[in-house]
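Open the model in your viewer and follow along one selection at a time. At each stop, you will hear what to pick and what to look for.

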Amino acid sequence: MVFHEVEQRLKALMLRAQAGDGQAWREVLTLLNARLTPYFRRRLGPEHAAEVEDLVQETLLAVHSRRMTYDATQPFTAWAHAVARYKLIDHWRRRRVRRHVPLDDVADTLWIDADHEGEVAADLDRLLGGLPSKQEQLVRGVKIEGLSLAEAGERFGMTEGAAKVSLHRALKALMAKVGSRGD
Amino acid sequence: METERLIDSLAANLTPAPSRQVSRRIVMTALVGAAAALVAVLFWLGLRSDLMIAVGGRMFWMKAAYAAILGVAGFACAERLARPTGSARGGLLLAVAALGVLAVIGLTMMMMTPPAERMALWLGQSWRRCPFYILALSIPTLALALLTMRRFAPTRLGAAGAAAGLFAGGVAATVYGLHCGETSPIFLLTWYSLGVALSTALGALLGPWALRWR
């Protein structure tokens, strides 16, 4: 389902639920549950997988008891994402884990990546798989993990300058590949 | 699965929860908080002795209007920041506009006053006490507003606490006008604003602790 259709559908359900329609509320919570589980699993990482279900349940409870704070002039998806994000940060705070969650975390992450992450990852694997392995790791390190050239160079045992040249070559090869496929 | 049972039970006992509950409950805190502040003025600070004459004058109403506008601005901020995606911009603009208008009036009157009398105009009789009385009178509203807002869904707790403080300060300053006999806009601009700022700061300080969801 396209993002704005998800938004429209959930918003309509939410407004019915705020008026007291239990069936609509069941649908909202069920849809949220399906999104929250992968959302938290990805962010907690495999070492905390056991906590995912608890966190999902706590978030559903928060969504339930704080449902009057949803305002129909705002997107529902952004509201639900903000609640999930608060619960996630709160979870880390309780466990005394200091982790940085960017403030400008895209409002609809909760909605977009669950749908497309699999496809995108597969496309990326296919594309990067054509590169020599060192170049592939370099592209992943710098462009996906967000390492600096110096950090990436250190990881792969090359100087910053060498990393820069190698990355440039890799990106050029990728561009050529994508360009030829696009024709 | 356990989560599905949870969903069933939440959906089964659903009661209506319209969005206007947020503003209604915050307004309730102002009514109760203002009543508490009024009791404090009546039995602790005392009404100003010339109240019956003062209500016929412009300054009495200017004080009430300025303080009430700050309270409304605080309400607007609190009502937005009680929600996870809320922005306080509208309320802040209102507060800044009120401050700006009063600054123009206050400074103009200051200019028109002979230099020797300016200090007296600015400090009045009660500049030392005024900000702290306003802060003290704001405490019931602030406490109630924080308790109410923590059942909502604030996500920026410091900012939401500050909004509750601005709201409570405005309510308190409005009621304080029944005690305070000061008559100059520059006094109002400085010492009333300072009292409301203290209450805002207290709210900002308490927010991260008082507004955490539990």
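## A walk through chain B

Select chain B: 48% of its 214 residues count as buried. Keep in mind as you look around that this is a predicted model.

Now colour chain B by secondary structure. What will you find, and how many helices and strands are there? Chain B has nine helices and zero strands. Going along the sequence, the pattern reads α-α-α-α-α-α-α-α-α.

If you then display contacts in chain B between residues at least 6 apart in sequence, 85% of them join residues at least 24 apart.

The last stop is the cysteines. How many disulfides are there over all chains? The count comes to zero. Select Cys130(B) together with Cys180(B): Cys130(B) is in no disulfide, and the nearest cysteine sulfur, that of Cys180(B), lies 5.8 Å away. A disulfide would need the two sulfur atoms within 2.5 Å.

Stay on Cys130(B) for a moment. Is Cys130(B) buried or exposed? Its relative accessible area is 0%, so Cys130(B) is buried. Finally, move to Cys77(B), which also counts as buried, at 4% relative accessibility; the cut-off for buried is under 20%.

Notes:
Residues numbered from 1 in each chain as written. Chains lettered and ligands numbered in written order. Predicted model: local features only at pLDDT ≥ 70, side-chain atom pairs only at ≥ 80, totals over all residues. Heavy atoms only, no water. Buried < 20%, exposed > 50% of the residue type's maximum accessible area, 1.4 Å probe, protein only. Helix = DSSP H or I, 4+ residues; strand = E, 2+ residues; numbered from the N terminus. Contact = heavy atoms within 4.5 Å.
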